[in-house]
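Here is my note on the model you sent.

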Amino acid sequence: MPTFEPGTVVRVPFPYTNRPVHQYRPAVVVSAPAFNARAHLLWVVMVTSAENRRWPDDISLEADFQSVGLPAPSLIRPAKIATIEAAQAEPVGHLPPDRLSLLLAAIAAILPL
């Protein structure tokens, strides 16, 4: 099984919040490698098409979508986080450091840590 670092862009079966189905889509790993290896789980944040309506905390991947392994201009949606079995994740790329920092800051602003 691959090792997943924070910022790894993966293709996973991401659950819907309003339907009992999953859709394979890109997501960004945000959990620590030690947790991933111990639990065989990943915490991932949804990536959606830039054509969708923007949410306040969305992070743009419109200009550099190809360099992170995405097929189209996209947005990271920090409000949508899920736990996925690591065996179901397929790595496709990696966020640049500046986008990963923005994502982790957005998550920190959401969680009361």
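**Notes on the predicted model**

1. Four salt bridges are present in the structure. Keep in mind that this is a predicted model.

2. Start with R54 and E62. They form a salt bridge, with 2.2 Å between the closest N and O atoms. R54 has a relative accessible area of 42%, so it counts as partly exposed. E62, at 31%, is partly exposed too.

3. Next, D58 and R77. Their side chains meet in a salt bridge at 2.8 Å, N to O. This pair links distant parts of the chain: D58 sits in the loop between β3 and β4, while R77 belongs to strand β5 (residues 74-85), and the two are 19 residues apart. Both D58 and R77 are buried.

4. D64 pairs with R99. The closest N and O atoms of this salt bridge are 3.2 Å apart. D64 is in the loop between β4 and β5 and R99 is in helix α2, so the bridge ties together parts 35 residues apart in sequence. D64 is buried, and R99 is buried as well. A network of salt bridges links D64, D98 and R99.

5. Now the nonpolar residues. In soluble globular proteins, nonpolar side chains tend to be buried together. Here the largest nonpolar core has 15 residues. V28, L70, I76, L95 and L103 have the most contacts inside it. At least two residues of this core come from each of β3 (41-49), β4 (59-61) and α2 (97-110). The top contributor is α2, with three residues.

6. L103 deserves a look. Leaving aside residues up to four places away in sequence, L103 touches V28, V30, V45, I59, I76, P78 and L95. There is also a second, separate core of 13 residues, which includes F14, L42, M46 and A86.

7. Is S31 buried or exposed? It has 3% relative accessibility, so it counts as buried. S31 lies in the loop between β2 (22-29) and α1 (33-39). Its side chain makes a polar contact with the side chain of N36, at 2.5 Å. A polar atom of the S31 side chain is also 3.0 Å from the backbone nitrogen of W43. Beyond four places in sequence, S31 touches P6, N36, L41, L42 and W43.

8. One aromatic pair is found in the whole structure. F35 and W43 form this pair, which is tilted: 5.5 Å centre to centre, with 55° between the planes. F35 is at 22% relative accessibility, so it counts as partly exposed. W43, at 42%, is likewise partly exposed.

How values were computed: Residues numbered from 1 in each chain as written. Predicted model: local features only at pLDDT ≥ 70, side-chain atom pairs only at ≥ 80, totals over all residues. Heavy atoms only, no water. Helix = DSSP H or I, 4+ residues; strand = E, 2+ residues; numbered from the N terminus. Buried < 20%, exposed > 50% of the residue type's maximum accessible area, 1.4 Å probe, protein only. Polar contact = N/O pair within 3.5 Å; in protein donor to acceptor, adjacent residues only side chain to side chain. Contact = heavy atoms within 4.5 Å. Core = buried A, V, L, I, M, F, W, Y, C linked by side-chain atoms within 4.5 Å. Phe/Tyr/Trp six-rings, centres within 6.5 Å; stacked < 30°, edge-to-face > 60°.
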